[in-house]
Amino acid sequence: KSSITEDYKNTRYTIEGTVVTLQNGTGSAALLHGSESLSLISYFGDDVNFDANNDTKQDVAFLLVAHSEIGSSLYYLALALGTKNEKEQRGSNAIFLGEMISPQSLHYLNNVLTFSYGEPKTKKQKATIMRSKNFSVVNDVLVESK
């Protein structure tokens, strides 16, 4: 068990340009552009604790899932940065990972976060295709590595 508190489940994140406030790991926002309907956004898990910005404070990356009214599940990778108060984290941004995917794992190694997931089968595919995406933290913002 890490020394980090669960404060990152009670802070604000920017998701697709919208500020979303989580309380006890859940929040809501209209994430689909032009949509008036709210998506329920909730903590999904896969926490990875690391020092993202070399400030000796514990940071955490984790998955969020947004459930839309039309029944789709949108997955995001979120970042919370440690602050001078060890019991507090400051939410940064969240990056869209995919829709209706099967999250497998989130790992941190050599300043890179790697998210592995299964992509849904299409009619042409016989099996789920496993994929991964890499991310890093630049100026306290989570960015996808190319």
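This tour moves through the structure in a few selections, starting with a sheet and ending with its nonpolar cores.

The model is predicted, with local features needing pLDDT of at least 70 and side-chain atom pairs counting only at pLDDT 80 or more, while totals for chains, interfaces and linings use all residues. Residues are numbered from 1 along each chain as its sequence is written, and side-chain values use heavy atoms, with hydrogens and water left out.

Begin by selecting the open sheet of seven strands, which runs in the order β2-β1-β7-β6-β5-β4-β3 with mixed pairing; strands here are DSSP runs of E, at least two residues in length, numbered from the N terminus, and two of them pair if DSSP finds at least two bridges between them. At its edges are β2 (18–21) and β3 (26–29), each of which pairs on one side only.

Next, select β3 together with β4 (residues 39–50), which pair in the antiparallel sense over four bridges, and look for Gly27, whose bridge partner in β4 is Ile41.

Then turn to the largest nonpolar core, which has 20 residues; such a core is a set of buried Ala, Val, Leu, Ile, Met, Phe, Trp, Tyr and Cys residues joined through side-chain atoms within 4.5 Å, where buried means under 20% relative accessible area (1.4 Å probe, protein chains only). Among the residues with the most contacts inside this core are Phe50, Leu77 and Leu113, and its largest share, four residues, comes from β6.

Finally, select Leu113, which, leaving aside neighbours within four places in sequence, is in contact (heavy atoms within 4.5 Å) with residues including Val48, Ala61, Tyr108 and Leu142.

Conventions
Buried means under 20% relative accessible area, exposed over 50%, partly exposed in between (1.4 Å probe, protein chains only).
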